[in-house]
Amino acid sequence: MRLTDTQVQQFHEEGYLVFENLIRGDKLKAYQDLFDELVERGRTLSIGSPHWSFEFNEDHEPIPGFLHKIQGVCVVEPKVLDLAQEPEILDRVQSLVGPDIDVFGTKFFPKLPNGGTSVHWHQDNFYFGTNTNRIVSCGIYLQDADRENGCLRVVPKSHLSQAIVEHHRRQGAHGSWTEVDESKAVDMAVPAGTVVFFSSNLLHGTYENRSDRPRYSTAWHYIPADLPLERFPRGGYEDRHIVRGD
Ligand SMILES: O=C(O)CCC(=O)C(=O)O
């Protein structure tokens, strides 16, 4: 199903769109099982394995087995690319990106119970070295997500200026992050199978998982095939994949 004109307008005005329960039933279960297997692999993997990163302890050292993220999850496990190519998702992406679509920067965040993290406040375009509004970021929530287990939060309309704010590295945290006026943020508590699209200029972050439940999600970015992106060139970056058209 393509997006309606109203949905396209909402994406451009607010900076995001939410599709609850888009992945359902046996399909959702099969993907959950696939990610369970990856979490299991992470339990015995050595620190420093390419693509795999682990949560830090209080001394800022990685904790073996406590998986934080698989960066390039579609390279590590090509079956995950099926999820990125689900027609329910791509048909909608096409309304925003056009017919020739690549996906890049594929991530899996298990956000494990009692301290699992994914991201703090940031704009994806800070990492991409651009302020284009042609990249659509996508989060897929494989399990129910709420404040306690670390749901997504966004600052509506924060993409509109196309300004990339300063981001800073913090000791004991993965990545570079910024701060926002949290009174302007919206929490995205969503059921399992929900797909969220947002502008790669949108300020977004998440809560830490303080519950005893995991919160599996994926995050990646759909880009028109013809958009040059120096840091992630087509054909020159292993985690950029053609998913529709040429
Ligand atoms: O973990 C999440 O809910 C969001 C992840 C995300 O937005 C990102 O990787 O930029």
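Student: What covers the buried residues of H5?

Tutor: The cover includes helix H1 (5-14), E4, strand E5 (136-141), strand E10 (194-199) and E12. Contact between two residues means that their C-beta atoms, placed from the backbone, lie within 7 Å. Helices (H or I, at least four residues) and strands (E, at least two) are DSSP runs, numbered from the N terminus.

Student: What sort of model is it, and how are residues numbered?

Tutor: It is a predicted model, where local features need pLDDT of at least 70, side-chain atom pairs count only at pLDDT 80 or more, and totals for chains, interfaces and linings use all residues. Residues are numbered from 1 along each chain as its sequence is written.

Student: Back to H5. Which of its residues are buried?

Tutor: In helix H5 (residues 87-97) they are Ile89, Arg92, Val93, Leu96 and Val97. They lie on the same side of H5, because they cover an arc of only 130° around the axis; the arc is that of the directions from the helix axis to the C-beta atoms. Buried means 20 or more other C-beta atoms within 10 Å of the residue's own, exposed means 12 or fewer, and partly exposed is in between, with C-beta atoms placed from the backbone.

Student: What follows H5?

Tutor: Glycine 98, with a positive phi near 100°.

Student: And E10, how many of its residues are buried?

Tutor: 6 of the 6, so E10 is largely enclosed by the rest of the structure. Thr194, Val196 and Phe198 are buried on one side, and Val195, Phe197 and Ser199 on the other.

Student: Which way do E1 and E5 run against E10?

Tutor: Strand E1 (residues 16-19) is antiparallel to E10, with 4 bridges, and E5 is antiparallel to E10 too, with 6 bridges. Two strands pair if DSSP finds at least two bridges between them. Valine 18 stands opposite valine 196 in E10, while tyrosine 141 has threonine 194 in E10 as its bridge partner.

Student: New topic. Which residues are around the ligand?

Tutor: Lys107, Phe109, Ser118, Val119, Asp124, Gly139, Leu152, His204, Thr206, Ser217 and Ala219. A residue is near a molecule if its C-beta atom, placed from the backbone, lies within 6 Å of it. Strand E4 (101-109), strand E11 (204-206) and strand E12 (217-224) each give two or more residues to this shell.

Student: How does the shell split by class?

Tutor: 4 nonpolar, 5 polar and 2 charged. Ala, Val, Leu, Ile, Met, Phe, Trp, Tyr, Cys and Pro count as nonpolar, Asp, Glu, Lys and Arg as charged, and the others, Gly among them, as polar.

Student: What is the strand order in the open sheet that has E11?

Tutor: E9-E6-E11, 3 strands with antiparallel pairing. Strand E9 (186-188) and E11 are the edge strands, each pairing on one side only. Strand E6 (residues 152-154) and E11 are joined by 3 bridges, and leucine 152 has threonine 206 in E11 as its bridge partner.

Student: Now the loops. Where is asparagine 114, and is it buried or exposed?

Tutor: Asparagine 114 is in the loop between E4 and helix H6 (124-128). It counts as exposed, with 12 C-beta neighbours inside 10 Å. Its phi is positive, about 55°, although it is not a glycine.

Student: And glycine 172, what does it touch?

Tutor: Phe56 and His60, not counting residues up to four places away in sequence. Glycine 172 lies in the loop between strand E7 (168-169) and strand E8 (176-177), and it counts as exposed with 10 C-beta neighbours inside 10 Å.
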